Amino acid sequence: MPDTLLRMEKICKSFGGILALKDVDFHLRKGEVHGLVGENGAGKSTLMKILCGIIQAERGKIFLEDREIHIANPHAAQGHGIAMIPQELLLVRELTVMQNLFLGRELRAQRVFLNKKKMREMTEEILANLDSPHIHPNALVGTLPKANQQIVAIARRLLQKGRIFIMDEPTAALTQKETETLFRIIRKLSAAGCSTVYISHRLEEVLEICDRFTVLRDGSVVKDFKNSAEVDTQALICLMVGSRIEEEFPHSTAQRGREVLRVDHLAFRNYQGALVRDISFSIHESEVVGITGLVGVGKSELGQTLMGLRKRIAGSFFIDARPVTIRSPMDALRNRIGYVSEDRREEGLVLALESQYNMTLSSLPQISTASVLSSSRERKLVTKFMDRLSMKEQYLDMEAQQLSGGNQQKVVILRQIISDARIILLDEPTKGIDVGAKSEVSRIIGELSQGKKAILILSSEPREVLGISDIIYVLTLTGMQGPFKRGDLNYSQLMAIEFGQTRKN
Amino acid sequence: MRIRAAVSRFHLELLFPIIVIASGLSVASPHFLNLQNFVNIGNQIAINVIIALGMTLLITGGGIDLSVGSNVALTGVIVAQFFQMGAHGAGSVLLAILLGLGVGVAIGVVNGLIISLLEVPPFICTLGTMTTLRGLALIASNGRPIMGMPDRFLNVFYGFAAGIPKPVITALLLSILVAFILNKTTFGRKTKAIGGNERCVRVCGINIVGMKILMYGLVGGLAGMAGLVLTTTMATAEPLAGTWYELEAIAVVVMGGTLLEGGKGTILGTLFGALLLGLVRNGLNLLRVHATYHTLVVGLLILFSVVISSDSFAGTTRGLWSRIGGRNPSKK
């Protein structure tokens, strides 16, 4: 193709034996806006990381204007004009716009002194070209609204002679109006001959701004096609999802008991500071409730608010129909709420401590008299529950950091069981665990609910949620959908809700 | 192999240099193997040990306290002034001891509150209290040493009991107590966990603020005790007492094998560390090494021990310690 700017051919990459990208072909034309679409885990980030030199492909070639290139590191990528603008933007908040634009490549006058005048002129010129003369070169980046920070990030890349812009979820924190401004700028970039790779879960936007799409599923390209009137979000979803065999997840068949936890109109802020509101749901004894949604929608933050780790802005909690206040994990423990954090290593375990001691951390009163520990009581308590999770005894005296991911997760779950929690929250319970351990953890979760416990799962893996949960809620940017009974919702329908297509009642 | 495992498990690594130096000294100096000499060594290291016990616990819990030296001085001064104000009689001794311990604990609690509630890093906070307390000690004593405390009081920690110097008995009893606390109580377990991963312990529903106040309070109390022992054995309360004590305590703790980043701690190791330091100092005296060289030697000893026990040393050059003690480098 004469106007192909970038060609990635037969790219393969695996992580620890799992194939993340299989013979992926990606063609980017000059001046086009190309949407890269796919579910979580489809391979979009991996492909872009290879393009930016952050990781290396195992097989495959990359051609820039028909010349083969090797992108060994981010610096090399930059040299080829490949510019990644991640969600975090990578700007120094304490420096001014002008300083950020020229960071690392400051213009000098007579070798030693900074040529501030020239830099300022160029800053103003670039910002004007981006339709943003209102952004002041001397403004501290940290004081600018997100949308303007994004423009500064784009400007910086332009200055670095960027030709290929990769934007990852650029509109996540933008208002409608700011999104329109961004789209105008992207079109200007196209007019100037730059190409943009647009990665987003907001399918309506993708359809609006992109000229072409590449849809990835499970590491392979499903289709690569032009945007036209016939293409709509339904079509995209079908391609992303395909027809798949519903995986068999073991789940409990216990009858659900009475209501244990009710959350009413909860509101909190997510990681980006946006307000998530009107979250209401309830969990019963012997029931598994799954809350799913796209990454970044606020699931983990929901769990944190429930545990008192995040500030509750509005709403109330009821346990056994009594109102309770949870302002810290101590309150949560008192109300017998257990928590299996998303980040095992940072929040779930004391890595240098033996597994057994990790398991009893929330149950110290039960294994001590007048603060004096009883090692026999401790051992007895731990071995009582060990077999149910097929945890081997020799792991007990090993430091937690020496265990595999799956076993580490079991240790954290055991801690909740040993502390006799009635409500157990699991945030991304099978994240970072190999396939074999995944199904084991799923089985354990199912068993837990049989023991009259109320389980809440927060997960971005829709198949996991569909497989284990009795009741499903979907958290989207527009609010919370549900409850859906297990069996009432299939995979495609779930995807449709997550991507904001239909409202299912 | 079993010896190696035992040495590592019980933190006996320092025994080797201790035996070597002790043997060397017995040969090099006729005054070493002498009861009076051992009494001297014991008395000299007792105070360091008392402080280092608290420091071991605190460092295991991820904290640090630079104000213990000033704590020692202020405690001594306040107790001495208590007697200057005319306290006398049998009850006054008990009151004085409670006062001393109380001052120490109070200082520790203040440190704990600042660190846990105001979230000031321990190093910075205790650096500030260290200087503040020193200033208070100078003011409370008018910048001069205070004497004239009743014998009844001085004899609490001065002299011998059953043939063993009282400071040594005090240090040993406290060692057993603190070792028990660290290894056999829920407080000790929580301390180790907090030092290992404070975030996780918080998520587990444990009262971190309460724990920190207790940890620093305990360190302060032990420093107060050290102040009492020092004041009674010297029969003087000096506003400038305790200078460098905090650094010696930290040195001895780290030499003994407690990791500076927290999570693991050994009282026995600390005791050995103090003993090693005491022996080296004693040796320098007996061998008539000029006083100006003492500081250098002690500094080199500390550096040497810390380097040898560090992971990078054990990993890259199969270090002496690894060969003897089989100490595990931490896993990645």
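**A mixed six-stranded sheet in chain A**

In chain A, six strands make up an open sheet with mixed pairing, ordered β6-β9-β10-β3-β11-β12; two strands count as paired if DSSP finds at least two bridges between them. β6 and β12 (220-226) of chain A are the edge strands, each with a single partner, so one side of each has no neighbour in the sheet. From one strand to the next, the twist averages 20°. Please keep in mind that this is a predicted model, in which local features need pLDDT of at least 70, side-chain atom pairs count only at pLDDT 80 or more, and totals for chains, interfaces and linings use all residues. Residues are numbered from 1 along each chain as its sequence is written, while chains are lettered from A and ligands numbered from 1 in the order in which they are written.

**The two ends of the sheet**

- β6(A) and strand β9 (residues 164-168) of chain A run parallel and are joined by four bridges, with A:Ile166 of β9(A) as the bridge partner of A:Met84.
- Side chains of a regular strand alternate between the two faces of the sheet.
- In β6 (residues 82-85) of chain A, A:Ile82 and A:Met84 point one way, A:Ala83 and A:Ile85 point the other way, and all are buried (20 or more other C-beta atoms within 10 Å of the residue's own, with C-beta atoms placed from the backbone).
- At the other end, strand β11 (residues 212-217) of chain A and β12(A) run antiparallel, joined by six bridges; A:Leu216 has A:Val221 of β12(A) as its bridge partner.

**Helices on the sheet**

- Helix α1 (residues 44-51) of chain A lies across β3 (33-37), β6, β9, β10 (195-199) and β11 of chain A, at about 150° to β10(A); angles run from 0 to 180 degrees between N-to-C directions, and axes are lines fitted to C-alpha atoms, for helices over the stretch in contact.
- Helix α5 (residues 146-159) of chain A also packs on the sheet, where it touches β6 and β9 of chain A and makes about 165° with the direction of β6(A).

**The chains as a whole**

- Chain A has 17 helices and 24 strands, whereas chain B has 16 helices and two strands; helices (H or I, at least four residues) and strands (E, at least two) are DSSP runs, numbered from the N terminus.
- Buried residues account for 45% of the 505 residues of chain A and 48% of the 332 residues in chain B.
- Along the principal axes, the C-alpha atoms fill a box of roughly 75 × 55 × 45 Å in chain A and roughly 60 × 60 × 35 Å in chain B.

Terms used
Buried ≥ 20, exposed ≤ 12 C-beta atoms within 10 Å, placed from the backbone. Contact = placed C-beta atoms within 7 Å.
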